[in-house]
Amino acid sequence: MRPFDYVRAGDGRQAVGLHEPGTMYLAGGTNLVDLMRLGVAEPDRLVDVGRLPYDRIEPVPGGGVRIGATVRNSDLAAHPDIRRRYPMLARAVLSGASGQVRNMATVGGNLLQRTRCGYFQDISKPCNKRAPGTGCPAIPGEHHNLAIIGHSDSCVATHPSDMAVALTALDARVHVTGPGGDRVVPMPGLHRLPGTDPQRDTVLEPGELITTVELPAPPVGRSTYRKVRERASFAFALVSIAALLDIDSDGIVRECRLALGGVAHVPWRAARAEDALIGSVAGEEAYAAAADAELALARPLPRNAYKVALARNLITSTLRELAP
Ligand SMILES: Cc1cc2nc3c(=O)[nH]c(=O)nc-3n(C[C@H](O)[C@H](O)[C@H](O)COP(=O)(O)OP(=O)(O)OC[C@H]3O[C@@H](n4cnc5c(N)ncnc54)[C@H](O)[C@@H]3O)c2cc1C
Ligand code: SF4
């Protein structure tokens, strides 16, 4: 590992002030330290933001909740208000990593963790995301667990966070502070598709620090998070879904939220499926039509076409499970 400076920030302003070219923020370190060991990340300076006072989960006017960026994943998943009012979020967080990792991992770090594409993590291989302009060996090579929607000729990686999928379905708003001041970034909208410059995962500018994530009051309906993976724990999603469904007394879908993980470079809000479903008569036909509307966007690669069928089955079976 290359030598680096380490400094702990006392507050957000100080953290931003300490950020200069070559600096990275360090929170729980569960992703960044791994990448440093692998030689993928080589910061000159780490600014430790893991103990900044953004460690609260508190209500906001209007019935929503504000979640600090340094709240640990375990504390988020165990919080009574999150479990009761935002069950898809609690479930999504619990489906990720292990108890030990969740005890260290923070909300901010979880959102900004990097792709698990094997070529990205192997510095002996080319990779447009890690080394722009070197190519994407995953396209002709190993891509069975990579993207089916929204990818480009430059990169077919997927975004790994489970929590981000639930936050995308819940219309989260990410508050950041940086050299240019404070701003709010909506989800979806924080993460970006790869296009021709996959080295950028998000719309954040250098030095911008996530301070809090705000959720509006939860929409009415039954909700859940389901994740299909290659083994029962300690594995990233092949395909996952955060879903909410509300059906009125006439059997018409009144509200629906759907977001998919494991299919794209971003947590994927399935807006076409939602549009197809809202106002229709709940049932198998409507669920299948909604899934097909979304998956018409899919452009699978030779070895990940199975994900299209998997996503379709996951959407329809989850909606069936949520229907009363
Ligand atoms: C074995 C293993 C299995 C895992 N399985 C899953 C899984 O199934 N699902 C899942 O979702 N995750 C999984 N993870 C990933 C884990 O959830 C992330 O590593 C963790 O959430 C990252 O949080 P952190 O606080 O440790 O971030 P760090 O590693 O400290 O930082 C990650 C990135 O975020 C940046 N950063 C951190 N905080 C801020 C901030 N406030 N503002 C701006 N930038 C910031 C850092 O600069 C860095 O680039 C797994 C991890 C491991 C090690
Ligand atoms: S899919 Fe993206 S991260 Fe993976 S090798 Fe290609 S460019 Fe790199």
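The dialogue below takes the sheet, then the cavity and the ligand.

A: This is a predicted model, where local features need pLDDT of at least 70, side-chain atom pairs count only at pLDDT 80 or more, and totals for chains, interfaces and linings use all residues. Residues are numbered from 1 along each chain as its sequence is written, chains are lettered from A and ligands numbered from 1 in the order in which they are written, and side-chain values use heavy atoms, without hydrogens and water.

Q: In what order do the three strands lie in the sheet?

A: Strands of a sheet pair through backbone hydrogen bonds, either parallel or antiparallel. Here the sheet is open, the order is 1-3-2 and the pairing is parallel. Strands are DSSP runs of E, at least two residues, numbered from the N terminus; two of them pair if DSSP finds at least two bridges between them. Strand 1 (5–8) and strand 2 (23–26) are the edges, each pairing on one side only.

Q: How many bridges join strand 1 and strand 3?

A: Four, in the parallel sense, with strand 3 at residues 45–48. Arginine 8 stands opposite aspartate 48 of strand 3.

Q: Which residues lie nearest the centre of the largest cavity?

A: Rolling a probe the size of a water molecule over the atoms shows where empty space is left. A cavity is a set of points, on a 1 Å grid over the protein atoms alone, where a 1.4 Å probe fits but cannot get out; lining residues have an atom within 4 Å of a point. Cys117, Cys127, Cys136, Ala138 and Cys155 lie nearest the centre, among 15 lining residues.

Q: What takes up the space of the largest cavity?

A: Ligand 2 does. A molecule sits in a cavity if more than half of its atoms lie within 2 Å of its grid points. Around ligand 2 are 13 residues, the closest being Cys117, Cys127, Cys136, Cys155 and Val156; near means a heavy atom within 4 Å.

Technical notes. On a 1 Å grid over the protein atoms alone, a cavity is a set of points where a 1.4 Å probe fits but cannot get out, and a pocket is an open set with protein on both sides within 12 Å along at least five of seven lines; lining residues have an atom within 4 Å of a point.
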